[in-house]
Amino acid sequence: MALTQRLEFRQTQSLVMTPQLMQAIKLLQLSNLDLSTFVEDELERNPLLERANDGPEAPVAGEPVPERSDYERSDDYGSGADGGDSSDFADRGESRFDAPAPDDWINNDLGSRSEIEQTLDTGLENVFSEEPADAAARNAQDAAPTAYTEWGGGSSNDDDYNLEAFVAAEVTLGDHLAEQLAVAFTSQAQRMIGQYLIDLVDEAGYLPADLGDVGDKLGASAEDVALVLTTLQTFDPPGVCARNLSECLAIQLREQDRYDPAMQALIENLDLLAKRDVVSLRKLCGVDDDDITDMIGEIRRLDPKPGLKFGVSRAQTVVPDVYVRPGPDGGWHVELNSDTLPRVLVNQTYYSELSKTIRKSDDKTYFSDCMQNATWLVRALDQRARTILKVSTEIVRQQDGFFTQGVAHLRPLNLKAVADAIQMHESTVSRVTANKYMATNRGIFELKYFFTASIASADGGEAHSAEAVRHHIKQLIDGESPSAILSDDTIVERLRATGIDIARRTVAKYREAMRIPSSVQRRRDKQSMLGNALKAPSTPSDRTSSEKSSDRSRDTASA
């Protein structure tokens with residue numbers, strides 16, 4: 001086989017991931033908050049980008065700002081009320097204003113001091129009590145601050161005025177405990193042990209279960225650590241610095257003087273309380289039905305996570321990206337939330353001025369790259385908005401039954417169905433629906449909420465949405481009576497009677513996902529609630545909790 005050299009022409013097509021294309025793909029999956037942060041960074045980095053101001057008098061970057069004096073003459077001052085020119089006054093020998101010109105004030109001789117005092121009928125010291133410069137300085141010193149910069153620094157521009165600068169910082173749990181630590185101990189060694197333990201407290205107010213290595217790390221004995229821990233457990237809020245739930249509840253009960261032997265037995269058997277095994281608890285505590293009910297009520301009024309009272313992170317309000325409103329023709333009107341869309345422009349005027357003055361090749365290359373990046377960013381933002389609107393419109397069209405009649409009429413929908421309808425790729429639809437929210441007449445939902453799996457119909461008809469099936473299961477469980485609790489098998493039978501073909505394990509999976517307990521647990525809960533409701537009228541109202549606690553203590557002591 002001979003080796004030869006020859007020239008060939010081949011024509012191929014390939015998709016190249018340019019930086020601009022990667023940027024456009026990245027912008028699609030950003031939320032509105034992340035997008036605002038990204039645009040702010042680009043505005044600081046690129047001198048050719050600027051915000052699109054809504055005001056008609058907003059100055060454009062690169063253009064000279066017209067100077068404005070403190071006093072501007074209106075149109076009425078240049079023409080008469082009837083539209084006539086000011087020359088009409090000159091023709092009549094009149095002037096619009098009889099006030100003298102500024103030069104007349106300067107050139108006018110006021111006369112001597114005695115003449116001025118005779119004219120004013122008083123002495124000059126009564127009129128001008130001090131020098132003008134001293135008076136102005138004193139007035140400026142006594143005047144209250146009128147600008148934001150005079151109060152606490154910062155810019156006085158309305159755009160930079162931030163009310164959060166005046167909000168007091170929240171007191172964290174660690175700071176609250178540290179303040180009490182400085183008062184509780186005088187020994188530096190005890191304060192060091194206490195501060196170390198406070199640093200180990202989590203946001204719920206609990207310490208790790210094992211504190212055996214604390215003494216070794218600090219070079220202190222186990223007795224000293226236990227002594228400091230006992231004092232820390234008396235700090236506010238009650239129940240803090242506990243190592244488990246039982247200890248946390250016991251600390252709060254001691255604070256309320258409710259920790260008697262019967263209550264101690266209940267605290268030591270919280271697993272039975274979680275199972276609603278009231279019979280076993282009554283035997284272990286040695287009390288009757290009324291007392292055990294009161295004890296369980298006291299436990300429920302305690303705080304299992306006392307540390308969450310301090311430094312709790314505030315829930316951020318979801319800002320929708322799309323609004324869906326009923327249309328006048330019975331349809332739905334879909335529009336973007338303009339508040340979440342960054343408005344940026346490319347300053348072509350500034351770039352043209354720079355192009356005429358720049359001489360260095362490096363500077364020309366830099367500004368050319370800035371111009372290209374700015375143009376691509378504006379196009380990518382516009383394409384992102386159009387894509388979100390297109391995908392949202394198709395979702396509303398596919399899920400029209402949900403908007404009209406509710407969750408029970410939510411249809412099964414996948415990414416491919418929407419992608420084929422709008423002639424886009426599934427990955428594009430997936431990126432668009434990530435971290436985007438839609439405000440509807442039924443609340444605010446994430447766009448991915450409308451994409452649900454399908455469950456076959458029992459009679460071979462149209463498939464059902466998984467979300468609609470979950471909603472149906474929740475309705476069945478909410479409507480069950482305490483005497484007829486529905487098991488998973490019974491729920492399957494009722495769903496099949498309505499045309500939904502579903503397996504029992506699927507019902508159990510949906511039920512657990514909605515955090516609904518099993519039928520056995522629900523029967524105990526509802527029967528316990530029913531029993532408490534029936535016993536409530538017969539409970540004497542004149543007995544206080546302390547009297548009931550004393551009765552339990554005497555009964556336990558006599559036993």
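In the predicted model, M22 is located in helix α1, which spans residues 19-28. With a relative accessibility of 48%, M22 counts as partly exposed, because the class of exposed residues begins over 50%. Together with L15 and M17, M22 makes a nonpolar surface patch of about 350 Å².

The chain has 559 residues, of which 30% count as buried. Its secondary structure consists of 28 helices and eight strands. Among contacts with a separation of 6 or more, 61% are between residues 24 or more positions apart.

The largest nonpolar core comprises 22 residues, and the members that touch the most others are V391, F403, V418, V429, M438 and F450. Two or more residues of this core come from each of β2 (322-326), α20 (361-398), α21 (400-405), α22 (415-422) and α23 (426-432). Helix α20 gives the most, with four residues. Another core, of 20 residues, lies apart from the largest one and includes I198, V214, L232 and C241. For V429, the contacts beyond its neighbours within four places in sequence are V391, L415, V418, A419, I422 and F451.

Across the whole structure, a search finds 10 aromatic pairs. In the pair of F403 and F450, the ring centres are 5.7 Å apart and the planes are at 25°, so the pair is stacked. F403 lies in helix α21, whereas F450 lies in the loop between β6 (443-446) and β7 (454-455); the pair therefore ties together parts that are 47 residues apart in sequence. Both partners belong to the group of residues with the most contacts to other members of the largest core. F403 counts as buried at 1% relative accessibility, and F450 is buried with a relative accessible area of 0%. F403 and F450 also take part in one aromatic cluster, together with W332, F402, F445 and Y449.

R511 is found in helix α26, residues 504-513. Its relative accessibility is 7%, so R511 counts as buried, the limit for this class being under 20%. Leaving aside neighbours within four places in sequence, R511 is in contact with I477, D488, I516, P517, S518 and R522.

Note on methods
Residues are numbered from 1 along each chain as its sequence is written. This is a predicted model: local features need pLDDT of at least 70, side-chain atom pairs count only at pLDDT 80 or more; totals for chains, interfaces and linings use all residues. Side-chain values use heavy atoms; hydrogens and water are left out. A nonpolar core is a set of buried Ala, Val, Leu, Ile, Met, Phe, Trp, Tyr and Cys residues joined through side-chain atoms within 4.5 Å. Buried means under 20% relative accessible area, exposed over 50%, partly exposed in between (1.4 Å probe, protein chains only). Contact means heavy atoms within 4.5 Å. Patches are made of residues with over 30% relative accessible area and no salt bridge: like charges are joined within 9 Å, nonpolar side chains (Val, Leu, Ile, Met, Phe, Trp, Tyr) within 5 Å. Accessible areas come from the Shrake-Rupley method with a 1.4 Å probe; for residues, only the protein chains shown count as cover. A salt bridge is a side-chain nitrogen of Lys or Arg within 4 Å of a carboxyl oxygen of Asp or Glu. Rings of Phe, Tyr and Trp (its six-membered ring) pair if their centres lie within 6.5 Å; planes under 30 degrees apart count as stacked, over 60 as edge-to-face and the rest as tilted.
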